[in-house]
Amino acid sequence: MAKANLTSMLPHSLKTETEKTLTRYTGKKIEIENITVMHGGSINHALKLSAGGMSFFLKWNNTAASSLMFEAESRGIKLLRNSLSLNVPEVIATGTAGEHAYLLLEFIQPGIPSETFWEDFAVSLAGLHRHTAISFGLDHDNYIGSLPQHNTRHDSWVDFFAEERLEIQLRMAVDKGKIASSLARHFGTLFQKLHALIPAEEPSLIHGDLWNGNVIVSPSGQGCLIDPAVYYGSREMDIAMSRLFGGFPREFYDHYNRCFPLLPCWEERMDICNLYPLLVHVNLFGGGYLQEIKNILKRF
Ligand code: ADP
């Protein structure tokens with residue numbers, strides 16, 4: 001975190017709007033005294049705002065889609081919060097000021113992980129995953145990173161996964177020239193096998209983008225989730241994503257499995273689940289993730 005000059009980091013119209021919103025929210029006159037740039041995110045401006053001994057978290061951007069993205073993120077956070085299963089920041093407000101869109105959240109003061117951090121987090125995530133729905137998908141579309149994520153409902157997870165997740169990202173990658181059509185044909189072969197490879201399970205409410213960077217530590221030492229891309233899907237998507245960039249410690253998976261056992265051979269399906277975030281990464285960041293995709297396709 002680096003201290004930064006107030007006006008260069010926070011446009012004037014946005015500062016005024018934020019102060020008005022926080023004054024309404026706290027019931028006290030709020031004037032921002034300090035801002036700190038928060039690093040780690042790859043898409044938006046992220047700031048810690050300090051005022052009157054309190055801290056708040058502000059994300060802002062002025063791209064065409066930012067307003068819709070923040071609205072979707074706010075709905076996702078509220079859905080997770082309403083599940084009462086795990087810690088997520090409170091949404092204070094979302095809106096626009098001039099050409100700037102913003103999302104204002106409770107600031108999570110970084111804590112030290114408790115001794116039972118991973119056990120508690122596993123229990124909480126299992127609790128979230130026990131929230132179910134009659135079909136896969138969601139009542140609104142949202143975003144994965146900065147890419148649109150379609151949540152049209154399906155009765156079958158495999159159909160949802162193939163049509164709303166893999167095919168859409170694949171088409172985007174082929175259209176952008178990031179994936180050759182020969183590789184796209186390999187996906188076609190995989191699609192035909194998916195029903196045999198993936199067992200049926202009830203829909204679970206999932207975080208949807210559960211990599212290490214989206215688990216922060218609350219002041220009481222508990223896990224707190226940020227940046228969701230929620231929908232009712234296979235809980236194996238969250239478990240797989242958690243292993244994509246470094247992974248959580250072994251004890252997390254042991255505790256999760258004790259609480260809400262994953263279906264037999266779950267570890268063998270992790271790479272299939274991760275084809276989705278890998279395709280998203282190809283579309284967002286380029287070809288560096290292609291080899292991993294090719295390796296997975298060769299195995300199925
Ligand atoms: P982006 O939308 O650009 O991906 P993030 O949501 O990842 O931005 O936020 C950037 C960084 O700010 C994160 O890496 C995280 O450490 C921190 N952060 C996010 N939300 C909060 C919050 N509510 N309280 C404290 N820190 C946060």
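**A bent helix**

Mentor: Helix H5 bends by about 35 degrees at Glu167, where the bend is the angle between axes fitted to the seven residues ending there and the seven starting there. The model is predicted, so local features need pLDDT of at least 70 and side-chain atom pairs pLDDT 80 or more, whereas totals for chains, interfaces and linings use all residues. Residues are numbered from 1 along each chain as its sequence is written, and side-chain values use heavy atoms, leaving out hydrogens and water.

H5 covers residues 157-175, which makes 19 residues; helices are DSSP runs (H or I, at least four residues), numbered from the N terminus. From first C-alpha to last, H5 reaches 26 Å, close to the 27 Å expected at 1.5 Å a residue. That expected span is 1.5 Å times one less than the number of residues.

Several residues of H5 are buried, among them Trp157, Phe160, Phe161 and Leu166. Buried means under 20% relative accessible area, exposed over 50%, and partly exposed in between (1.4 Å probe, protein chains only).

His195 counts as exposed because its relative accessibility is 51%. Along the chain, His195 and Glu167 are 28 residues apart, and their C-alpha atoms are separated by 16 Å.

How values were computed:
Helix = DSSP H or I, 4+ residues; strand = E, 2+ residues; numbered from the N terminus.
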